[in-house]
Amino acid sequence: MTAQRVLVTGGASGMGAGAVQGFVAAGAHVVSCDITEDGGSAIATEATAQGPGEAHFVPCDVADAASVTAAFDRAAELLGGLDVLVHAAGIAPGSAAAEIDPEQWDRIFAVNARGTMLTNQAAHRLFAGAGGRIINFASGAGAHGYPGKAHYAATKGAVLAWTRSIAHEWGPEGITVNALAPAIATPMYAATRASMTAHQLAAHDASLGERMAVRGALGDVRQDLVPVLLFLASPGAGFVTGQLIAVDGGMLMVR
Ligand SMILES: NC(=O)c1ccc[n+]([C@@H]2O[C@H](COP(=O)([O-])OP(=O)(O)OC[C@H]3O[C@@H](n4cnc5c(N)ncnc54)[C@H](O)[C@@H]3O)[C@@H](O)[C@H]2O)c1
């Protein structure tokens, strides 16, 4: 890969952390942004020690416009511009649909949906007409729903519709915008599993076995996700845009 300037949100955990490590291992210069400062700094430091690229950590709350502007401006200073945004920051609280209150709804939309708009707009500004790549994290939930997390599913439907809209608007500027629907083992997934009863967990695992064409269990960040991110950021993916790319063992097949 040619040296790239990459900003990763959600870089303190899960797939964002894997993206920081994977891009640095591929020689990129990375700025990792997250609301969780200790974990984010540690991941960036570890990745830089491994090389051959390097990573810096810049704190950022993706739901807050001023925080996003400040963090992206600092990232552009550190990187000397921007080529790729990997926007992995997100939250996935659970709640029965009938019990979701307006504050919960607003908070998850602020982080997952408004955060996507704000970070994508900030990247678009930094691309400055020179083209770029945006990789957003949607979810299969945004396409087929998620009982017990209807507000989360609604935000991911918003991420998908936004992604497709800006792929059209910004395509003429040489910007590709794609969304992922991952099924990857991360702390977020561990928290979801931990919230299930033994009965729900057994049903969940049985359902994965039936719905997933390969493996029957969630994928690995480094082995299954990072290569897809590197491909979407590479010159060879310049004709791929507006897609929902499922990295999920075949759960979300178009039927
Ligand atoms: N794990 C899966 O299989 C799966 C499936 C579908 C979609 N996703 C989506 O993929 C993305 C990454 O998920 P993950 O499993 O790696 O989650 P994770 O919980 O391991 O990591 C999410 C990161 O986002 C950060 N974050 C949360 N709120 C933030 C904010 N306001 N500002 C900045 N950072 C913030 C957290 O601190 C954390 O480091 C999320 O958008 C998630 O919804 C994950």
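In what order do the strands of the open sheet stand? The views below start there. This is a predicted model, in which local features need pLDDT of at least 70, side-chain atom pairs count only at pLDDT 80 or more, and totals for chains, interfaces and linings use all residues. Residues are numbered from 1 along each chain as its sequence is written.

**View 1. The open sheet.** The 7 strands run in the order E3-E2-E1-E4-E5-E6-E7, with parallel pairing. Strands (E, at least two residues) and helices (H or I, at least four) are DSSP runs, numbered from the N terminus. Two strands pair if DSSP finds at least two bridges between them. Strand E3 (54–59) and strand E7 (244–247) stand at the edges, each with a single partner strand, so one side of each has no neighbour in the sheet. On average, neighbouring strands are turned by 20° against each other, direction ignored. That angle is taken between axes, lines fitted to C-alpha atoms (for helices over the stretch in contact), on a scale from 0 to 180 degrees between N-to-C directions.

View 2. Strand E2 (residues 29–34) runs parallel to E3, joined by 6 bridges. His29 faces Glu54 of E3. Pro52 sits in the loop between helix H2 (37–50) and E3. The Gly51 to Pro52 peptide bond is cis, with omega near 0°.

**View 3. Around the ligand.** Ser13, Gly14, Gly90, Thr186 and Met188 come nearest among 30 residues around the ligand. A residue is near if its C-beta atom, placed from the backbone, lies within 6 Å. Helix H1 (14–25) and helix H7 (187–194) are the elements that give two or more residues to this shell. The shell has 19 nonpolar, 9 polar and 2 charged residues. Ala, Val, Leu, Ile, Met, Phe, Trp, Tyr, Cys and Pro count as nonpolar, Asp, Glu, Lys and Arg as charged, and the others, Gly among them, as polar.

**View 4. Helix H4 and its kink.** H4 (residues 102–127) has 26 residues and reaches 35 Å from first C-alpha to last, close to the expected 38 Å. The expected span is 1.5 Å times one less than the number of residues. A kink of about 40° is centred on Ala110. The bend is the angle between axes fitted to the seven residues ending there and the seven starting there.

View 5. Ala128 follows H4, with phi near 50°. Ala128 is exposed, with 12 other C-beta atoms within 10 Å. The cut-offs are 20 or more for buried, 12 or fewer for exposed, and partly exposed in between, with C-beta atoms placed from the backbone. Arg215 has phi near 75°. Arg215 is partly exposed, with 14 C-beta neighbours inside 10 Å.
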